[in-house]
Amino acid sequence: MSCKCKVLLCAQNGRASSESSDEPDRWQTVFGAVTQRELRFYESAPWSVEAWSSPMETCPLISTRLVSSTKQTDLITFSVRCGTPDGVVTQQLRAETHRDLANWARCVVQGCHNSVALQRELACRCVWQGQLAQLVLHFEEGFSLLEAPGPRDPKVLWSFPFERLRSSADDGARLLWLDFGTDEEIELDLEACPKPLVFILHNFLSAKIHRLGLYA
């Protein structure tokens with residue numbers, strides 16, 4: 001999908017301004033597009049290959065989530081959040097009509113799910129119990145923790161299907177906790193901001209739920 005929308009001007013850290021968001025001059029008109037893998041924003045509709053390949057901002061759909069859509073007074077707004085190595089970036093967007101809002105919400109959610117279907121599997125380096133390892137998310141098989149890659153095939157240290165996951169949490173810096181109903185939560189040191197992986201995990205789970213038809 002591609003069409004015009006308006007974005008609340010944001011500070012460099014990605015946080016929306018705390019000033020009143022109903023001020024007309026606080027909003028910037030942009031052209032938004034959902035591709036197979038990205039949510040893109042342009043200053044205006046791109047009319048060339050060069051312009052299409054040069055958006056002013058991009059959000060990888062696999063680590064992007066639609067978090068809210070609401071009508072505030074005369075404004076129809078929705079927000080998307082993207083997990084990045086620097087933390088969470090939030091974009092507050094404004095639609096002109098309720099139909100535009102519904103179309104954007106549907107396209108962003110479907111785009112996130114489609115990006116999961118294209119990716120299927122994701123692996124990231126981590127440390128578990130002082131041991132260098134590799135966490136693998138697989139759309140069908142769930143979670144697996146493998147030994148760090150080496151000269152021989154890595155040993156599977158543990159694995160759980162997605163349905164075993166009871167809860168997850170992170171410290172926003174480098175630690176991720178996963179509760180599979182075992183005696184203790186599993187703590188993983190991702191050695192970097194965990195937010196991209198957390199958002200990707202949420203999209204994996206959401207895509208599986210939608211595939212099963214277990215949504216309102």
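Let's start with a strand pair: β9 (131–138) and β10 (142–147) run antiparallel, joined by 6 bridges. Pairing here requires at least two DSSP bridges between two strands. Strands are DSSP runs of E, at least two residues; helices are runs of H or I, at least four; both are numbered from the N terminus. β9 and β10 make a hairpin, with 3 residues between them. Histidine 138 has glycine 142 of β10 as its bridge partner.

A word on the source. This is a predicted model, where local features need pLDDT of at least 70, side-chain atom pairs count only at pLDDT 80 or more, and totals for chains, interfaces and linings use all residues. Residues are numbered from 1 along each chain as its sequence is written, and side-chain values use heavy atoms, with hydrogens and water left out.

Back to β10. On its other pairing, β10 meets β11 (156–160), antiparallel again, over 4 bridges. Phenylalanine 143 pairs with phenylalanine 160 of β11. How many residues of β10 are buried? The count is 6 of the 6, so the strand is largely enclosed by the rest of the structure. Buried means under 20% relative accessible area, exposed means over 50%, and partly exposed lies in between, using a 1.4 Å probe and protein chains only.

Now the whole chain. It has 216 residues, and 42% of them are buried. Secondary structure comes to 3 helices and 14 strands. The accessible surface is about 12100 Å², with 48% belonging to carbon and sulfur atoms. Those areas come from Shrake-Rupley with a 1.4 Å probe; for residues, only the protein chains shown count as cover. Contacts next, meaning heavy atoms within 4.5 Å. Take those between residues at least 6 apart in sequence: 42% join residues at least 24 apart.

On to the cores. In soluble globular proteins, nonpolar side chains tend to be buried together. A nonpolar core here is a set of buried Ala, Val, Leu, Ile, Met, Phe, Trp, Tyr and Cys residues joined through side-chain atoms within 4.5 Å. Which residues have the most contacts inside the largest core? They are Phe143, Trp158 and Leu188, in a core of 29 residues. Two or more residues come from each of β8, β9, β10, β11, β13, β14 and α3. Helix α3 gives the most, with 7 residues. A second, separate core has 17 residues, among them Val34, Ile76, Leu93 and Leu101.

Next, helix α2, residues 98–119. The expected span is 1.5 Å times one less than the number of residues. For the 22 residues of α2 that gives 32 Å, and the end C-alpha atoms are 32 Å apart, which agrees. The buried residues of α2 include Leu101, Trp104, Cys107, His113 and Ser115. Serine 115 has 2% relative accessibility, so it counts as buried. Arginine 120 follows α2, and its phi is positive, near 70°.

That brings us to backbone angles. Most residues other than glycine have a negative phi. Glutamine 129, not a glycine, has a positive phi of about 50°. It sits in the loop between β8 (121–128) and β9, and is exposed at 66% relative accessible area. Glutamate 191 also has a positive phi, about 65°. Its loop lies between β14 (186–189) and α3 (195–212). At 33%, glutamate 191 is partly exposed.

One more loop, between β13 and β14, holds glycine 181. Glycine 181 is partly exposed, at 33% relative accessibility. Beyond residues up to four places away in sequence, it touches Arg164 and Arg166. Serine 167 is 14 residues from glycine 181 in sequence, and 9.1 Å away, C-alpha to C-alpha.

Last, the cysteines. How many disulfides does the structure hold? It holds 0, with a disulfide taken as a pair of cysteine sulfur atoms within 2.5 Å. Cysteine 107 is buried, at 18% relative accessible area. Cysteine 193 is buried too, at 16%.
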